[in-house]
Amino acid sequence: MNFQFSDDQSAIRELAHQIFSDRATDEFLLAFSRSDATYDDPLWQTLAEQGLLGIAVPEAAGGSGLGLIELCLVLEEQGRHVAPVPLLASLVLGGLPIAHFGSAEQQQHYLAPMAAGELKLSAAIAEAGMNAALVSRVSAKREGNGWVLSGSRAVIPDGAVADYILVPATDDSHAETFFIVPTTAPGVTLTPVEIGLSGQRAANLRLENVELAADAVLGEAGQGEEILAWLLQRANIGHCALQVGVTEEAMKRTAAYVSERKQFGVPLGSFQALAMRMADSYIDVEGIRSTYWLALWRLSEGLDARAEVHAAKWWACDAAHRVVSTSQHLHGGMGADVEFPIHRFFLMAKLVSYSLGNASQQLEKLGRLLAEDDELGFRALEC
């Protein structure tokens, strides 16, 4: 088997690495964190100009027509540089389902401007990782040839800057349908919520008799459960891609630090206990990477990847905690300084770990697969 990236994939990774390295330096991120800005708009425009926002957008809609693997390569580089741009929300949560389930007209209307950096998307699916008792609902009623939506959804990722949000809603027959809701429509209220872990800006969504035309439906009416299941797998894999970049860079920076910092006249890295902790971090990073790439490959090949996605997300939650905690610990007092670079990796890793289901919730879902299907359970144990 050939495990090498294609020439196109390698070029995409190198381009993304160069763009993020040039812009998202430690000095820039420190100055950015002290400003009132939420996102780096110049970086967003650079990504658009270089075609990276259209990686997974069909060619007919102005994109490159590539797939999830290429998109995840870009997300890895974003995680490696903890760059403040809403890539996952726009390209994964919003862009991928429209590219897969949307009509040609919807793809042209939403994805072409997204690829050009003129439009941002998100999806109201964050509550999939919350306790069922806390989940809010949106109702949908047919009115003539259109629909009327009412209700609320919480913590929309990057919802504060989204132009359109994909919202699942339930009709009177209890069927779920996805709608593409413009955030400027009458009756739509977005309340920004600053997530304390990272400073990123989410938003709570309130809909009060929001009137939508029939063409606002994504896919078919009643197809919502299928779309949600499809989207959650890819959203979780996007989180794993970010986590690979975050944890690998945190580990590398820590290894460099303990190799240079001296105590009692010798490098910290020469102490056996510290060397063993760094070895454990390496094993954890490779665990995140290998399980994530297995799940990503199965998804890209159209294979059943439910078990693999849960296993990969569990590693991205559980192992990432150990890696970034070790990074902070081995940096000593500087690791607790919120303006010291290593702290940003800790915050990003924790944000990803608590999005769309934490480690315990992923294990619970794996357990259900074990109980329901022997083959799926066996694959999960292999991961």
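Mentor: Arg289 and Glu248 are both buried, a term for residues under 20% relative accessible area, with exposed meaning over 50% and partly exposed the range in between (1.4 Å probe, protein chains only). The model is a predicted one, in which local features need pLDDT of at least 70 and side-chain atom pairs count only at pLDDT 80 or more, while totals for chains, interfaces and linings use all residues. Residues are numbered from 1 along each chain as its sequence is written, and side-chain values rest on heavy atoms, with hydrogens and water left out.

Side chains of opposite charge can pair when their charged atoms come close. Here a salt bridge requires a side-chain nitrogen of Lys or Arg within 4 Å of a carboxyl oxygen of Asp or Glu, and the count by this rule is 17. Arg289 and Glu248 form such a bridge, their closest N and O atoms being 2.9 Å apart. This pair links distant parts of the chain, since Arg289 belongs to helix H8 (residues 272-300) and Glu248 to helix H7, 41 residues apart. Helices are DSSP runs (H or I, at least four residues), as are strands (E, at least two), numbered from the N terminus. Arg289 and Glu248 also belong to a salt-bridge network that includes Glu77, Arg80 and Glu286.

Arg253 is joined to Asp26 by a salt bridge, with the closest N and O atoms 3.0 Å apart. That pair again connects distant parts of the chain, Arg253 in helix H7 and Asp26 in helix H2 (residues 26-33), 227 residues apart. Arg253 has a relative accessible area of 26% and is partly exposed; Asp26, at 25%, also counts as partly exposed. Asp26 has a further salt bridge, to Arg344, at 3.6 Å from N to O. Because Asp26 lies in helix H2 and Arg344 in helix H10 (residues 341-353), this pair ties together parts 318 residues apart in sequence. Arg344, at 15% relative accessibility, counts as buried.

Glu176 lies in strand S5 (residues 176-182), and it is buried yet has no salt bridge. The nearest side chain of opposite charge is that of Arg137, 5.4 Å away; Lys and Arg count as positive and Asp and Glu as negative, with His and the chain ends not counted. Beyond residues up to four places away in sequence, the contacts of Glu176 (heavy atoms within 4.5 Å) include Pro168, Gly222, Glu225 and Leu228.

The nonpolar surroundings complete the picture. A nonpolar core is a set of buried Ala, Val, Leu, Ile, Met, Phe, Trp, Tyr and Cys residues joined through side-chain atoms within 4.5 Å. The largest has 82 residues, of which Phe20, Leu47, Leu87, Ile125 and Tyr292 touch the most other members. Helix H7 (residues 224-260) contributes the most to this core, with 12 residues. Apart from this core lies another, of 20 residues, among them Trp147 and Val217.
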